[in-house]
Amino acid sequence: MNCFERSIYEKVGAENYEKISGAVIGIIGCGGLGSNAAVCLARSGFKNFILMDFDKIEYGNLNRQYYFFGDVGRFKAEVLRERLISINPSVEAKVFIQKLNDENIEFFSKADAVVEAVDTAETKADIVSFGAKKGILTVSSSGMAGYGDAKDMTVKKIGGVYVTGDMKSGISDTMHPYAPKVSAAAALEADIILAHFMGCDI
């Protein structure tokens, strides 16, 4: 146990620390939601991750994703692994530079929780269905575009999935995502997962 882990242990106690540090967290999509949620989880003591994203970092991502100017051009999942290890050197993160499909979704079959952080409705539905079938805690998000109405961010349980966001502000050509609401949605996702492993009702 390193010094950071000891500090978490002292905050949450032995039983909760064992649950948190032993849990496997899947992050499907390492953009705005996925990168920020993963960082929140690593700061909370989670250290076993499965990261999947096929995309590279662009300058247009830096307004909301947990990456920096010098990261542009690199694969998001690889850089995110480095970010998590920089928080806790004991982090173990398996990285898959792939688009999710019917075969590689099985990489997440041993996850204890999954953050759905993809862009397309069809892929979102596949992840939610997979989580329900496997009994995996799944968190998603709907409505995080714009600014000035972060007070409307909330959490709803829809079927077996927890959804964060304002449930109304979809991303479009005229409604863009910005760091405050994206980060808030991601933090709520991480909070749901943390509460679950701490034994709290959500």
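A: We begin with strand pairing: two strands pair if DSSP finds at least two bridges between them. In this predicted model, Gly-26 stands opposite Val-114 in β4.

Q: Which way do β1 and β4 run, and how many bridges join them?
A: Strand β1 (residues 24–28) and β4 run parallel, and four bridges join them.

Q: With which sense do β4 and β5 pair?
A: The sense is parallel, over three bridges. Within this pairing, Ala-113 has Leu-137 in β5 as its bridge partner.

Q: Which way do the side chains of β4 point?
A: In strand β4 (residues 113–116), Ala-113 and Val-115 point one way, while Val-114 and Glu-116 point the other way. All of them are buried.

Q: How do β6 and β7 run?
A: β6 and β7 run antiparallel and are joined by five bridges. Lys-156 stands opposite Val-163 in β7. The two strands form a hairpin, with two residues between them. Gly-159, in the turn, has a positive phi of about 65°.

Q: Now the charged side chains. How many salt bridges does the structure hold?
A: There are 10 salt bridges in the structure.

Q: Why does Glu-116 count as buried?
A: Glu-116 has a relative accessible area of 0%, and buried means under 20%.

Q: Which residues are linked in a network of salt bridges?
A: The network links Asp-149, Asp-166 and Lys-181. Lys-181 meets Asp-149 in a salt bridge of 2.8 Å, N to O. This pair links distant parts of the chain, 32 residues apart: Asp-149 is in the loop between β5 (137–141) and β6 (154–158), and Lys-181 is in helix α6 (residues 179–197). Lys-181 also meets Asp-166 in a salt bridge, at 2.7 Å, N to O. Asp-166 lies in the loop between β7 (161–165) and α6, and Lys-181 in helix α6, so this pair ties together parts that are 15 residues apart in sequence.

Q: Are Lys-181 and Asp-166 buried or exposed?
A: Both are buried. Asp-149 is buried as well.

Q: Next, the rings. How many aromatic pairs does a search of the whole structure find?
A: The search finds six aromatic pairs. One of them joins Tyr-9 and Tyr-17: their ring centres are 5.6 Å apart and their planes are at 70°, so the pair is edge-to-face. Tyr-9 is partly exposed, with a relative accessible area of 28%, whereas Tyr-17 is buried, at 8%.

Q: How are the rings of Phe-46 and Phe-197 placed?
A: The centres of these rings lie 5.6 Å apart with the planes at 70°, so Phe-46 and Phe-197 form an edge-to-face pair. Phe-46 is in the loop between α3 (32–43) and β2 (48–52), and Phe-197 is in helix α6, so the pair ties together parts that are 151 residues apart in sequence. Phe-46 is buried, at 0% relative accessibility, and Phe-197 is buried, at 10%.

Q: Which residue lies over the face of Tyr-9?
A: Arg-6 does, at 5.2 Å from the ring centre. In another case, Lys-56 lies over the face of Phe-75, at 5.1 Å from the ring centre.

Q: Where is Asn-61, and what does Asn-61 touch?
A: Asn-61 sits in the loop between β2 and α4 (76–87). Leaving out residues up to four places away in sequence, Asn-61 touches Lys-56 and Lys-76. Asn-61 is buried, with a relative accessible area of 8%.

Q: Last, how should I read a nonpolar core?
A: In soluble globular proteins, nonpolar side chains tend to be buried together. Here the largest nonpolar core has 41 residues, and those that touch the most other members are Ile-25, Phe-46, Phe-49, Leu-51, Leu-84 and Ile-193. Helix α6 gives the largest share of this core, seven residues. Ile-193 touches residues including Ile-25, Phe-46, Ala-113 and Leu-137, with those up to four places away in sequence not counted. A second, separate core has 12 residues, among them Ile-28, Ile-50, Ile-127 and Ile-136.

Conventions
Residues numbered from 1 in each chain as written. Predicted model: local features only at pLDDT ≥ 70, side-chain atom pairs only at ≥ 80, totals over all residues. Heavy atoms only, no water. Salt bridge = Lys/Arg side-chain N within 4 Å of Asp/Glu carboxyl O. Buried < 20%, exposed > 50% of the residue type's maximum accessible area, 1.4 Å probe, protein only. Phe/Tyr/Trp six-rings, centres within 6.5 Å; stacked < 30°, edge-to-face > 60°. Lys NZ or Arg CZ within 6 Å of the ring centre and 35° of its normal. Core = buried A, V, L, I, M, F, W, Y, C linked by side-chain atoms within 4.5 Å. Contact = heavy atoms within 4.5 Å.
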